[in-house]
Each structure stands twice: as C-alpha cells, then as structure tokens.
Amino acid sequence: MSRDLLGLAGRIVMVTGAGRGFGRAIAHGYGRNGATVIAVDPDVELATSVASEVEALGATAIPIRGDMSVVLDVTATFEKVEELFGLLDGIVHVTTAESKTPFVELLEGEWYDLMSQDVKSSLYVLQQGLRHLAGGGFVTVVLPPAARMEPHTLSVRRAVEGLIEGASRAFPGVRVNGVIPSRDPVGEEHDQALVRAALGLGSMVSEGIRGVVLEVQLPEPPLSSEIYELLREVP
C-alpha cells in the first residue's frame, strides 16, 4: 500500500502498547507510511526504542511512558501530546492483558487485572482520545486474540466490543473500530495482516466505516528447524 493511497503522510498517530508485539509492528507500519508516531508504553525504555526504530524508517516519532489502565497516566499522556502537537489524527490502542489460567482456577485478583488492563484502558483511551482528535479522526482498538476462548477472556473482549459500538453511536464524526487477531503476536514478519488492517482502518480508504470489529486471520509461523529435527526422532 502506497502513502498516496492511504493518505497517512504527515498524520499524527498515537500507538499504545507500542513497546512490543502488535503495538510495535503497528507503530512501524504507520512510520513506514509517513505518519508521525507517538509511541506510548508503560516501559519508557521500550517506548524509546520503538520511537528510534520508527525514526530510522524516515518518520518522526516520540516516546511517552504511559500505562493506559491508570487514569492519571492517560490524562498526562494526552496533555503531553496536546502540548507538543495539538490535536491527534488517530489512535491505535492495543490491549495487552493475557491470561492462560483455566476459568475454574481464575482468582479474583487476576480477573480484576484483566478488566483493568483491557476494559479500563479502552474506556480511558476513548474518553480522553475523543476529546483530542481532529475532525474525522479515528480510534482503532486491537482486542484480545480470538484464540483466547476462556469465559473470562471472552467476557473482556465482549466488553471492549461494547465500548467500540457505544462510542461509535455517541460520536458519529469519529471512526471508532476494532480488530481481533486470530492469535497472539509471534513476530512482525508473521503479523503483517494485522498491521495492514490497522493501517487500513486509520487511512482515508476506510472513510465512513464506524463501529466495525474485524477478525483478522493471521498465518501460523513455520516451525523452526530444531523442531523439525526433534519431530524426526519421534517414533
């Protein structure tokens, strides 16, 4: 996809959870297409590293340390962005919570952590982001992967979907959408389908698309050569 087609050159886009996984790959994608990237992550070293990588692609980037599940961090992040740039053109919010605990073994603390990391962070980003977006701006939320089907993870995903639908109805001038990857991130090389979906929803190609949650099927990465060697030894 060319910069002319997407119309992202010169746009100011915030990517949360940019330090690793899907967030890092999406930050790179927007940088490659000429956007100014604000790389937000709770780990300032990771945010700084990603911003440097985006700048190496020829784009402008700044790092900001921010935990989107903490309301004071969210407020401070958007105040910093307003101070530096004024209004944003778009936000990609990557939910980051992960639970591999079986449903029957889930403890109250882990449940609250899931709600805080994914639902609260999405709520706070939408609340603040909708105030700081230029006309016709966008918010794209990357939801927990579809492969996570435990009841507690499924309920979190449904709650975030509800926020997307509600925000779309309340703010029809903003493109609020979501993407659900089929699996967890494994590496930028194998996660490009999700990156392209996030770029498309933030581009002029998706003008008029609101309240949509897309499921993105990602390819499974090939097994390493070491795995093949082990498999040969299995009787």
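Here is a short tour of the chain above, from its overall build down to a few side chains.

This is a predicted model, so local features need pLDDT of at least 70 and side-chain atom pairs count only at pLDDT 80 or more, while totals for chains, interfaces and linings use all residues. Residues are numbered from 1 along each chain as its sequence is written, and side-chain values use heavy atoms, with hydrogens and water left out.

**The whole chain**

Let's start with the big picture. The chain has eight helices and seven strands; these are DSSP runs numbered from the N terminus, with helices being H or I of at least four residues and strands being E of at least two. Along its principal axes, the C-alpha trace spans about 65 × 40 × 35 Å. The radius of gyration is 18 Å, which agrees with the value near 18 Å for a compact globule of 235 residues. That radius is taken over C-alpha atoms, and the globule rule is 2.2 Å times the number of residues to the power 0.38.

How much of the chain is buried? Of the 235 residues, 49% count as buried. Buried means under 20% relative accessible area, exposed means over 50%, and partly exposed is in between (1.4 Å probe, protein chains only). The accessible surface comes to about 11200 Å², and 55% of that belongs to carbon and sulfur atoms; areas come from the Shrake-Rupley method with a 1.4 Å probe, and for residues only the protein chains shown count as cover. As for contacts (heavy atoms within 4.5 Å), take those between residues at least 6 apart in sequence: 74% of them join residues at least 24 apart.

**Buried spots**

Helix α7 (residues 192–202) is mostly covered, with nine of its eleven residues buried. Among them are L194, V195 and L199. Over in strand β6, V176 is buried as well, at a relative accessible area of 0%. Leaving out residues up to four places away in sequence, V176 touches several others, including L126, I164 and V212.

**Salt bridges**

The structure holds eight salt bridges, each a side-chain nitrogen of Lys or Arg within 4 Å of a carboxyl oxygen of Asp or Glu. Three of them are listed here:

| Pair | Closest N to O |
|---|---|
| R24 and E188 | 3.7 Å |
| E161 and R158 | 3.3 Å |

R24 is partly exposed at 29% relative accessibility, and E188 is partly exposed at 22%. E161 and R158 are three residues apart in helix α6 (residues 151–170), so about one helical turn separates them.

Is R183 buried or exposed? R183, in the loop between β6 (175–181) and α7, counts as buried at 6% relative accessibility. Elsewhere, salt bridges that share partners join R24, R32, E53 and E188 into one network.

**A nonpolar patch**

On the surface, L5, M204 and V205 form a nonpolar patch with about 290 Å² of accessible area together. Patches are made of residues with over 30% relative accessible area and no salt bridge, where like charges are joined within 9 Å and nonpolar side chains (Val, Leu, Ile, Met, Phe, Trp, Tyr) within 5 Å. L5 lies in helix α1 (residues 3–6) and is partly exposed, at 45% relative accessible area.
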